[in-house]
Amino acid sequence: MVTRIGLVGLGKMGNNMRERVRAAGIEVTGYDPRPEVSDVASLADLVAALPTDGPRIVWVMVPAGDPTRGVVTELGELLGAGDVVIEGGNSYYQEDQARAAELAHKGVGYLDVGVSGGVWGLENGYGLMVGGEKDLVDAAMPVFDALRPEGPREEGFVHSGGVGAGHFAKMVHNGIEYGLMQAYAEGYELLAAKDLVTDVHGTMKAWTRGTVVRSWLLDLFVKALEEDPQLTAIDDWVDDSGEGRWTVDEAIDNAVPLPVISSALFARFASRQEQSPALKAVAALRQQFGGHAVKAAGPASPGAGPLEPPA
């Protein structure tokens, strides 16, 4: 029975996960470079604090890429045969396979876990998608049960497959999320653009019960509109954390058409352009082949209208 685990990374999600696991009766020793939130001073101290009467389990919850690679490499030097590293960040699934092979030489097990729930996970629980060997998953199940939402296990937890399957599943999950968010956003813009609809927020709120488009994402969007009806406090720059790009890459490699997810990803890229060179090119082409009017760049002079097509 798992009585204590280590947790590396006590940011917005990691700190809430520590609280949720502790609330389930499992002790957590957390490490973070920020001493004001950390339980111990180093990774070595974290490993030393874990009981040795069973497998030592350390959950890594740090940003993907070099931070994760560094932590997992150091843990591989500190842990021993039979211990388990759980990687819960948003890493690329092929890196999971490389890390698992590296740790296997030392007898250390490896699980990759896609975690969904964001800042609401402490209260609602986290959706978990796990990749790795079944015996390791079974050993860590008390931790997964502590973190997942209440209710049937299969509605908030899945052993998706071998190493890498957990993060691959989370990658696709996030790609779908891109498409859903874009659809809600486009619907909102069309509602707001038509003078006929005088209560855009109320219209979208009415969709949150009974309709086929209801979802938690829609609930969150309605909440955002309640706090800022015109969204005036938010810039239209939209970042991406990588999973959408990886999803589209995998679709290309496997010849799977993903028009919605791809469009949602490219829409995020478009949000970062103050001016669009591509759309300028489109305007220029329309003028050239069809004589269509175009607008002048920069501040317009008083009374200036569209430029006339060339004679």
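## Packing of α3 and α4

In this predicted model, helix α3, which covers residues 66–78, packs with helix α4, residues 93–104, at an angle of about 15°, and the axes of the two helices lie 10 Å apart. Because angles under 35 degrees count as roughly parallel, this angle makes α3 roughly parallel to α4. The crossing of α3 and α4 is right-handed.

On the α3 side the contact is made by Thr68, Arg69, Val72, Thr73 and Gly76, while α4 contributes Glu95, Arg99, Glu102 and Leu103. Sorted by class, the contact of α3 with α4 has 4 charged residues, 3 polar residues and 2 nonpolar residues.

## The largest nonpolar core

The largest nonpolar core has 28 residues, and among these Trp59, Ile86, Leu111 and Phe144 touch the most other members. At least two residues of this core are supplied by each of the strands β1 (4–8), β3 (57–60), β4 (84–87), β5 (109–116) and β6 (127–131), and likewise by each of the helices α1 (12–23), α6 (134–139) and α7 (141–147). The largest share comes from α7, which provides 5 residues of this core.

## Around leucine 111

When its neighbours within four places in sequence are left aside, Leu111 is in contact with Val84, Val85, Ile86 and Glu87, with Val130, Gly131, Gly132 and Glu133, and also with Leu136, Val137, Ala140 and Phe144.

## A second core

There is also a second, separate core of 19 residues, whose members include Val72, Leu75, Ala100 and Val108. Val72 is also one of the α3 residues that make the contact with α4.

Definitions and conventions: Residues are numbered from 1 along each chain as its sequence is written. This is a predicted model: local features need pLDDT of at least 70, side-chain atom pairs count only at pLDDT 80 or more; totals for chains, interfaces and linings use all residues. Side-chain values use heavy atoms; hydrogens and water are left out. A nonpolar core is a set of buried Ala, Val, Leu, Ile, Met, Phe, Trp, Tyr and Cys residues joined through side-chain atoms within 4.5 Å. Buried means under 20% relative accessible area, exposed over 50%, partly exposed in between (1.4 Å probe, protein chains only). Helices (H or I, at least four residues) and strands (E, at least two) are DSSP runs, numbered from the N terminus. Contact means heavy atoms within 4.5 Å. Axes are lines fitted to C-alpha atoms, for helices over the stretch in contact, and angles run from 0 to 180 degrees between N-to-C directions. Angles under 35 degrees count as roughly parallel, over 145 as roughly antiparallel, 65 to 115 as roughly perpendicular and the rest as oblique. A crossing is left-handed if the near helix is turned anticlockwise from the far one by less than a right angle, and right-handed if clockwise. Ala, Val, Leu, Ile, Met, Phe, Trp, Tyr, Cys and Pro count as nonpolar, Asp, Glu, Lys and Arg as charged, and the others, Gly among them, as polar.
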